[in-house]
Amino acid sequence: MSDDDARWAAFQWDARENCEVRQILDRIADKWSLLVVSLLEERTMRFNELRREIDGISQRMLTVTLRNLERDGLVCRTVYAEVPPRVEYCLSPLGRTLLGTIQSLVRWTEEHQEEIVEARAEFDRAQQRTG
């Protein structure tokens, strides 16, 4: 694929609001989804366990995130007929395929965090001089 073809392909999925690729990337790249998938890597968890582990997430946002991940086939939800009802979440086989990608992204972030912090500081200093 030529450079022009690669740019065109990226433009196509990014420009079309109803594009499935864009919608999927928006879902899996949001911070809450990444955290939920990462937490479910190790074990099955209940809703309140997830909520305690994810600093700053509201009950509503966790509900929406889990529902969307379940809809996309990335998370499995199991309801047990108990009193009170018990609901557990785990990664689906499809969700497990994301783990390597997430781990690569985290590794990249860890490897380049100092460069990014410095770039931000440099940018902020330049903005203060011109602002």
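Biologist: Contact here means heavy atoms within 4.5 Å. Taking the contacts in the protein with a separation of 6 or more, what percentage comes from residues 24 or more positions apart?

Modeller: Such residues account for 42% of those contacts. Please note that this is a predicted model, in which local features need pLDDT of at least 70 and side-chain atom pairs count only at pLDDT 80 or more, while totals for chains, interfaces and linings use all residues. Residues are numbered from 1 along each chain as its sequence is written, and side-chain values use heavy atoms, with hydrogens and water left out.

Biologist: How many helices and strands does the protein have?

Modeller: There are seven helices and three strands. Both are DSSP runs numbered from the N terminus, with helices being H or I of at least four residues and strands being E of at least two. Starting at the N terminus, the order of elements is α-α-α-β-α-α-β-β-α-α.

Biologist: In what order do the strands sit in the sheet?

Modeller: The sheet is open, with the order β1-β3-β2 and antiparallel pairing. Two strands count as paired if DSSP finds at least two bridges between them. Because β1 (45–46) and β2 (75–80) stand at the edges with a single partner strand each, one side of each has no neighbour in the sheet.

Biologist: And how many bridges join β2 to β3?

Modeller: Six bridges link β2 to β3 (residues 86–91), and a hairpin connects these strands through five residues. Two bridges join β1 to β3.

Biologist: Staying with β3, is E88 buried or exposed?

Modeller: E88, which is found in strand β3, counts as buried because its relative accessibility is 18%. Buried means under 20% relative accessible area, exposed over 50%, and partly exposed in between, with a 1.4 Å probe and protein chains only.

Biologist: What does its side chain make a polar contact with?

Modeller: The partner is the side chain of R86, at 2.8 Å. A polar contact is a pair of N or O atoms within 3.5 Å; within protein, one must be able to donate a hydrogen and the other to accept it, and residues adjacent in sequence count only if both atoms are side-chain atoms. Setting aside neighbours within four places in sequence, E88 touches T44, M45, R46, C76, R77, T78 and Y80.

Biologist: Why does S33 count as buried?

Modeller: S33 counts as buried because its relative accessibility is 1%. Leaving out residues up to four places away in sequence, S33 touches R27, I28, T65 and L69.

Biologist: Which residues have the most contacts inside the largest nonpolar core?

Modeller: They are V36, L40, L50, L62, L66, V75 and Y89, in a core of 20 residues. At least two core residues come from each of α3, α4 (47–53), α5 (59–71), β3 and α7 (99–130). Such a core is a set of buried Ala, Val, Leu, Ile, Met, Phe, Trp, Tyr and Cys residues joined through side-chain atoms within 4.5 Å.

Biologist: What does L50 touch?

Modeller: Not counting residues up to four places away in sequence, L50 touches L39, L40, M45, L62, L66 and Y89.
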